[in-house]
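User: I have a model open and want to go through its packing. Can you take me through it?

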Amino acid sequence: MLLASKPIADGGSISATIQVPFLDLQPQFAAIRAEILSSVERVLESQHFILGSEVKALEADVARLVECQFAIGCASGSDALLLALMALEIGPGDEVITTPFTFVATAGSIARLGARPVFVDINPDDFNLDPQKIEKALTPRTRAILPVHLFGRPAEMGAILQIAGRSDLAVIEDAAQSIGARWRPPACLALPWEQNQVSIRTGGYQQPA
Ligand SMILES: Cc1ncc(COP(=O)(O)O)c(C=O)c1O
């Protein structure tokens, strides 16, 4: 809610209260409404709700979009984060560095496995994990860094991957709000794999060859 105030000729002022939504997805939906509704109808008509050709096609499309070898469809973004952490065998006693400015599922998925989310502050310019502050938060228990690409704005992946590479940490990218977003060249979801680097993204999983 925003209170706007405007001076008027006699020296007084008029004010108005304006509702400013935190996030307005309606315009985005309006642009692809017909496509979404016909896809939903197609799935309902097929009565094939688990896996099947639609999921296979989606996985292939997403893998192509994010330039990954594989994409695996999950029931939700929360499940994708959980599965990525489980694949790395992260659990009690482990720490995962992440951002406090995100949806609750990011830190929640770490906590659900008994591991500790370690919050590193954001960069106010892009609202994402500030790489300059990551190194101070590293401990011998740190297993992974979990940056979030919030509001479609990719985190500073170059610096984050360098820190992870130096400390032999996994990187799990939470791209729930930014699938397909790009971070300067090379694409944020298609960075070259550094040696011994495992990177898991919500929406995709790939290990170095
Ligand atoms: C940044 C972020 N991560 C994870 C999630 C979790 O996704 P889901 O609601 O599909 O479980 C969301 C959902 O809004 C999100 O915004």
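This is a predicted model: local features need pLDDT of at least 70, side-chain atom pairs count only at pLDDT 80 or more; totals for chains, interfaces and linings use all residues.

User: How many residues has the largest nonpolar core?

Analyst: The largest nonpolar core has 29 residues. Such a core is a set of buried Ala, Val, Leu, Ile, Met, Phe, Trp, Tyr and Cys residues joined through C-beta atoms within 7 Å. Buried means that 20 or more other C-beta atoms, placed from the backbone, lie within 10 Å of the residue's own. Among the residues with the most contacts inside the core are Ile-145 and Ile-160.

User: What is Ile-145 in contact with, leaving aside neighbours within four places in sequence?

Analyst: Ile-97, Ile-134, Ile-160, Ala-164, Leu-169 and Val-171. Contact means C-beta atoms, placed from the backbone, within 7 Å.

User: Switching to α6: which residues are buried there?

Analyst: Met-157, Ile-160, Leu-161 and Ala-164. They are on the same side of α6 because they cover an arc of only 95 degrees around the axis, taken from the directions from the helix axis to the C-beta atoms. Helices are DSSP runs (H or I, at least four residues), numbered from the N terminus.

User: And what covers them?

Analyst: The cover includes β5 and β6; strands are DSSP runs of E, at least two residues.

Note on methods
Residues are numbered from 1 along each chain as its sequence is written. A residue is buried if 20 or more other C-beta atoms lie within 10 Å of its own, exposed if 12 or fewer, and partly exposed in between; C-beta atoms are placed from the backbone. Two residues are in contact if their C-beta atoms, placed from the backbone, lie within 7 Å.
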